[in-house]
Every structure is written in C-alpha cells, then in structure tokens.
Amino acid sequence: MACGSCGTTENGVPKGCKSNGNCGSGTCGSGSNKLAVFDWLSNMTLPTGQERFNIFEVRFKNGRKHFYKNVDNLPITMGDIVAVEGNPGHDIGTVSLAGELVKVQMKKRKITADHEDVKKIYRKASQRDIDIWQQARGKEEETQRRGREILGRLGLQMKLSDVEYQGDGNKATFYYTADARVDFRQLIRDLASAFSIRVEMKQVGARQEAARLGGVGSCGRELCCSTWLTDFRKVTTSAARYQQLSLNPLKLAGQCGKLKCCLNFELDTYLDALKAFPKQDVVLKTEKGDAVFVKMDIFKGHLWYTYKEERFKWFRLTLDQVLEIIDLNKNNEKSATLEEYESDVEIPVKVDFEDAVGQDSLTRFDAPKTSKRRRNNRNKKKKNLLQLRQAQRNKNQTLERNRKQNPPQKKETGNHKKISHNNQGKHKGSKNQINQSRNLSQGKNLLLKIQMLQNLLQKRMQIQTNQR
C-alpha cells in the first residue's frame, strides 16, 4: 500500500518521493523501510501494574536498524524522529517499532536488554537536528564520487559501494567490497583530510552490496535481499543438482555474482521427494544388457535409462518399474528388456492452449507481404499473354481450315480428260479463285488484328515501366 507522497497533485502530475525505486518516506514497506513490522498490539492495553517496554527499534539509512533504550521515559511513538547515542556524537533516526513487539525482534536477533549494543535515546529531534541531518545526507553522493577518485589514485583493489553520514555530520561510514585483504590506512588519512570528518571503513559482502543497491531479478520482481531477506544462508551447487537444474553459472548466479538465494527455497521439498528414488549409480540388469541412469523427473515420477552398449536410445520408466527391476536384481534375476517396460508407460497427453477463436501461429507475420500493385501488374501480364496465345491459336485454326477446303490439285494427263471436263474446269476454276480471294482477305484481317494487339501490348508495357 503506497503512502501519500506516491500520489498525484491536483493537476494530475505524480508527486513521488524521488528515491529511484525505493520509498523515501518510509511508509510503503519497501526500500528504506525494509522488513517493516505491523504493530498489531498497538490497540491493546497492558495489564494493571505492568510498565511499558522502554526499548525502541530505530531505523537508519538503507534499512539499518538498532535498538535504543528510553532512559528518560520520553513520550515516543512509532514514526518519531529521535536523536540517539552515536560513536562519537549523536545520530538521527526514525522509530520503526515500539512496545511488546520489540521483545520479539530482540529475541530473534539474540540481543538482551543489558547488551552493550543497546544504547540511549537522547531526545526527540529538533528542527535544527533535522536540518543538519538533511545537509549531511545531501553530501553523501559527492563524497562517494570523490572517494572513488582518491581510491583510484591510490590503486587499491577495492570497490566503494556506499557512504553514510552520521546525523550530526561529524562522521561518515564508507562501505566497500574487496576480494582480498586491503591496507587502507593511507586511504583513511586522505579521506579524513579531504572531508574533515571522522572516517570509518566497513566491509560488506557481495550479497550485502546487492541488498543495499537493490534491483530487479530474472523473475521480474525486486531482489529478495533488498525487500525481505535478512539472513544470507550458504548456497551450494548441490542445491542445483538435487533440483535437476543445469549447472549454467549465467542462469544460477544473481546480480551479486553469487548463487541465487532462491535455490534454497524449494530445496527441502525436493529432498523429501528424492527419498523414494533409488540412487543414480544403481545399474539395472536386464536380458538385453546393463542399463545406466540418465535423468529423472522428480514430481512426475519418471526416470530415463539407457543401455551401456547402445547409448543413443533413452527409455522412459516409472518409479515403480525401476524399483521392481532393482528387487529382481537383488534376487539375482534379470528383468525384461527396457523396451517392454517402456511400452507399458502411459504418457499423459499435453493439453495445448486453446481459445474461442483457435490457435494462432506466432510466425504468421514473418512472411513478407507482396505489394498489391505488383500483383495487379503480374495479373495483367498473364492476361495479355493468354490473349496472344489465343489469337495465334485462332490464326492456326483458320489456316488449317482453308488448307482442308482447298487441297492442292494434281496435274491431269491425257487429252480426253481435258476435253471432257473443259466446261467443268472453267466453272470450278472460277469458284476456286473466289474462295482463295476470300480466304486471303480474311487472313489479312487477322494479321492486322494481331499486329494491332501487339502494338497495344507494347504501349502498355512502356507505360508500366515508366510508372515504376
């Protein structure tokens, strides 16, 4: 739930606390208010005769919290800004928890009421204290930048990650990370002379640095170490092996460069499920030969085995089948082949996603679209070619028809034929001449039409090329 500073103004402009992702006002439950505890006992009254617990939890920069004792019995409530005992001087912080729940937090951190880390609350912060505190906080970014310049000039193998000023502005804590031991005595002298303050160097690990800086993980959420995780348990590669994960450092490492803390979250569940599985080095003896383990699916209860001599083929078996084969091997008996066992395995059908419209392919937009103009031009070319072919076909048909109607005549021999058919020859000759002249005129007309069509096609082709 967001605080009032995350809202908008009357004009609709977002306010924001300008903390770049974390809550600067300390009421959203994130960022500086890391692990904010809800006081569910605030409305309950104490039994008669019982005094209120006089130790308060005070929050500082980046979620740093400490316990302080209210020696003077000041009227302090959650959210008050107080001046507390520093080393040396005083520091300014915000009361994050009060009442009986402070006992629970102290018990969790194993801190007693008379512990040396439990210091005093001096007073409620005045306006002058708050102004000095804000001025000191404003110098932290510039101090960090100049501190990195001094660090680079000295050539020390360390990284300055953050700077925190004390509330009175007389002391600054420099947080750094380093892989090996570093002699920073000269660095402290240079920093003290450059800023005229007391300098304290504090080494933090890679996980603590990631928690202080914050960020978004590969899961899409804020880092666990910067939102709610406080104790950094050891994470080993065996956690990935138990969960059957590929040992890829790029996927298993977080933003700190170490193994992800979330590898431990489900480890206990996997360890409980693995108790029923046989060891991976167990060899199954079958009639066809010995079979060795390849991989497993823990929650589906499936295991894959392959023959030593034929490793190109993997066989899926259920957990019950594998345990049955192991029992037969213990009695010096060989089981049936893996092919027979695999044929009895029922593989559940995977249901793909379906919606009311149907399944759509994600690659349906990959094919390039053809231009509509190109498609029209291509269709016109096809149409013109078909017209030319049809005209040529018609021409050939007319010529063939004329050839059949007027076949070439053979020369007659003998005078009797010439004399007997003289009149018929004259009559036929006149008819043939008329038919030939008619056919010639029709052929000329067809040729003229074909030439006109060819000229029109050439003109259209020229116009289309000019348009392109």
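The accessible surface of this protein comes to about 33,300 Å², and 50% of that area belongs to carbon and sulfur atoms; areas come from the Shrake-Rupley method with a 1.4 Å probe, and for residues only the protein chains shown count as cover. You are looking at a predicted model, where local features need pLDDT of at least 70, side-chain atom pairs count only at pLDDT 80 or more, and totals for chains, interfaces and linings use all residues. Residues are numbered from 1 along each chain as its sequence is written, and side-chain values use heavy atoms, with hydrogens and water left out.

**Overall build**

- The protein has 14 helices and 12 strands; these are DSSP runs (helices H or I, at least four residues; strands E, at least two), numbered from the N terminus.
- Of its 468 residues, 30% count as buried, where buried means under 20% relative accessible area, exposed over 50%, and partly exposed in between (1.4 Å probe, protein chains only).
- Take the contacts (heavy atoms within 4.5 Å) between residues at least 6 apart in sequence: 57% of them join residues at least 24 apart.

**Cavities**

- Rolling a probe the size of a water molecule over the atoms shows where empty space is left.
- Two cavities of 30 Å³ or more turn up in the structure; a cavity is a set of points, on a 1 Å grid over the protein atoms alone, where a 1.4 Å probe fits but cannot get out, and its lining residues have an atom within 4 Å of a point.
- The largest cavity has a volume of about 60 Å³, volume being the space filled by probe spheres set on the points, with grid points joined across faces, edges and corners.
- Around the largest cavity sit Phe 60, Lys 61, Arg 64, Asp 91, Ile 92, Trp 133, Arg 137, Glu 140, Glu 164, Tyr 165 and Gln 166.
- Strand E4 (90-97), helix H2 (127-138) and strand E6 (159-165) each give at least two residues to that lining.
- Sorted by class, the lining of the largest cavity has four nonpolar, one polar and six charged residues; Ala, Val, Leu, Ile, Met, Phe, Trp, Tyr, Cys and Pro count as nonpolar, Asp, Glu, Lys and Arg as charged, and the others, Gly among them, as polar.
- The second largest cavity, at about 40 Å³, is lined by Gly 147, Leu 151, Met 158, Leu 160, Leu 187, Leu 191 and Met 201.
- Helix H3 (140-154) and helix H4 (185-195) each supply at least two of the residues lining the second largest cavity, and its lining has six nonpolar, one polar and no charged residues.

**Salt bridges**

- A search of the whole structure finds 19 salt bridges, each a side-chain nitrogen of Lys or Arg within 4 Å of a carboxyl oxygen of Asp or Glu.
- One of them joins Arg 109 to Glu 57, with the closest N and O atoms 3.9 Å apart. Arg 109 lies in helix H1 (residues 101-109) and Glu 57 in strand E1 (residues 55-59), so the pair ties together parts 52 residues apart in sequence. Arg 109 is partly exposed at 39% relative accessible area, while Glu 57 is buried at 2%.
- Lys 171 and Glu 200 form another, with the closest N and O atoms 2.7 Å apart. This pair links strand E7 (residues 171-177) with strand E8 (residues 198-203), the two residues being 29 apart. Here Lys 171 is buried, at 12% relative accessible area, and Glu 200 is partly exposed, at 33%.
- Lys 313 and Glu 342 also meet in a salt bridge (3.6 Å, N to O). Lys 313 sits in the loop between strand E11 (302-307) and strand E12 (315-318), and Glu 342 in helix H11 (residues 338-343).
- Shared partners join Lys 61, Arg 137, Glu 140, Asp 162 and Arg 212 into one salt-bridge network.

**Helix H5 and Gly 214**

- In H5, the residues Arg 207, Glu 209, Ala 210, Ala 211 and Arg 212 are buried, and the buried residues of H5 pack against E6, E7 and H6.
- Just after H5, Gly 214 takes a positive phi of about 80 degrees. Gly 214 lies in the loop between helix H5 (206-213) and helix H6 (224-227), and is partly exposed, with a relative accessible area of 24%.
- Beyond its neighbours within four places in sequence, Gly 214 is in contact with Leu 223, Ser 226 and Gln 255.

Terms used
1 Å grid on protein atoms, 1.4 Å probe; cavity = no way out; pocket = protein on both sides within 12 Å on 5 of 7 lines; lining within 4 Å.
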